[in-house]
Amino acid sequence: MERFGNQRTSQITLAAAISAGATSLTINGLGTSPFTIPTNGVFSLLIDNEIFKVTAITGPVSGVYTCTVAPGSEGTTQASHASGTRVYHWLTKRSMEELV
């Protein structure tokens with residue numbers, strides 16, 4: 001079952017740039033209130049216009065979490081993303097289908 005958190009706006013960012021097709025990424029800012037993202041389970045992140053399905057998350061190490069991801073999820077286009085880009089916990093069509 002997919003995990004959900006609560007995120008009104010994002011102060012969570014990429015800790016380092018990633019190239020198109022990356023299967024891991026690093027994020028920081030998880031501890032910034034009022035933000036929460038699951039720290040286990042499966043969930044989705046939106047970075048720019050690309051959805052990533054997160055299958056594992058580890059950390060923090062010096063405030064940075066490492067996520068194992070499936071890039072280009074739900075038909076989105078794989079792309080590179082710059083360090084510091086905002087990261088959003090995202091409710092997707094797949095997420096909703098898993099609930100029913």
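**Reading the model step by step**

Modeller: Happy to. This is a predicted model, so we begin with confidence: the mean pLDDT of the protein chain is 83, and 81% of its residues reach 70 or more.

Biologist: Where in the protein chain is confidence lowest, and where is it highest?

Modeller: The general idea is that where pLDDT is low, predicted coordinates should not be read in detail. Here the lowest mean, 73, belongs to helix 1 (residues 93-99), while strand 2 (residues 24-28) has the highest, at 95.

Biologist: Which elements does the protein chain have, and how do they run from the N terminus?

Modeller: There are 6 strands and 1 helix. Starting at the N terminus, the order is β-β-β-β-β-β-α. Contacts tell us about the fold too: among those between residues at least 6 apart in sequence, 62% join residues at least 24 apart.

Biologist: How many of the residues of strand 3 are buried?

Modeller: For the protein chain, 40% of the 100 residues count as buried. In strand 3 (residues 43-47), 5 of the 5 residues are buried, so this strand is largely enclosed by the rest of the structure. Look at the directions of its side chains as well: Phe43, Leu45 and Ile47 point one way, Ser44 and Leu46 point the other way, and all are buried.

Biologist: Which strands are joined to strand 3 by bridges?

Modeller: Strand 4 (residues 50-61) is joined to strand 3 by 5 bridges, and the two run antiparallel. Strand 6 (residues 87-89) also runs antiparallel to strand 3, with 3 bridges. Follow Leu45 to see both pairings: its bridge partner in strand 4 is Phe52, and in strand 6 it is His89.

Biologist: What do strand 3 and strand 4 form, and what sits in the turn?

Modeller: They form a hairpin with 2 residues between the strands. In that turn, Asp48 has a positive phi of about 55 degrees.

Biologist: Which residues of the largest nonpolar core touch the most other members?

Modeller: In soluble globular proteins, nonpolar side chains tend to be buried together. The largest nonpolar core here has 17 residues, and those touching the most other members are Leu14, Leu25, Ile27, Leu45, Cys67 and Val87. Strand 2, strand 3, strand 4 and strand 5 each give two or more residues to this core. Leu45 turns up again: beyond residues up to four places away in sequence, its contacts include Leu25, Ile37, Val54, Cys67 and Val87.

Biologist: How many aromatic pairs does the structure hold?

Modeller: It holds 1 aromatic pair. Tyr88 and Trp90 form this pair, which is edge-to-face, with 6.4 Å centre to centre and 70 degrees between the planes.

Conventions. Residues are numbered from 1 along each chain as its sequence is written. This is a predicted model: local features need pLDDT of at least 70, side-chain atom pairs count only at pLDDT 80 or more; totals for chains, interfaces and linings use all residues. Side-chain values use heavy atoms; hydrogens and water are left out. Helices (H or I, at least four residues) and strands (E, at least two) are DSSP runs, numbered from the N terminus. Buried means under 20% relative accessible area, exposed over 50%, partly exposed in between (1.4 Å probe, protein chains only). Contact means heavy atoms within 4.5 Å. Two strands pair if DSSP finds at least two bridges between them. pLDDT is the predictor's confidence in each residue, from 0 to 100. Rings of Phe, Tyr and Trp (its six-membered ring) pair if their centres lie within 6.5 Å; planes under 30 degrees apart count as stacked, over 60 as edge-to-face and the rest as tilted. A nonpolar core is a set of buried Ala, Val, Leu, Ile, Met, Phe, Trp, Tyr and Cys residues joined through side-chain atoms within 4.5 Å.
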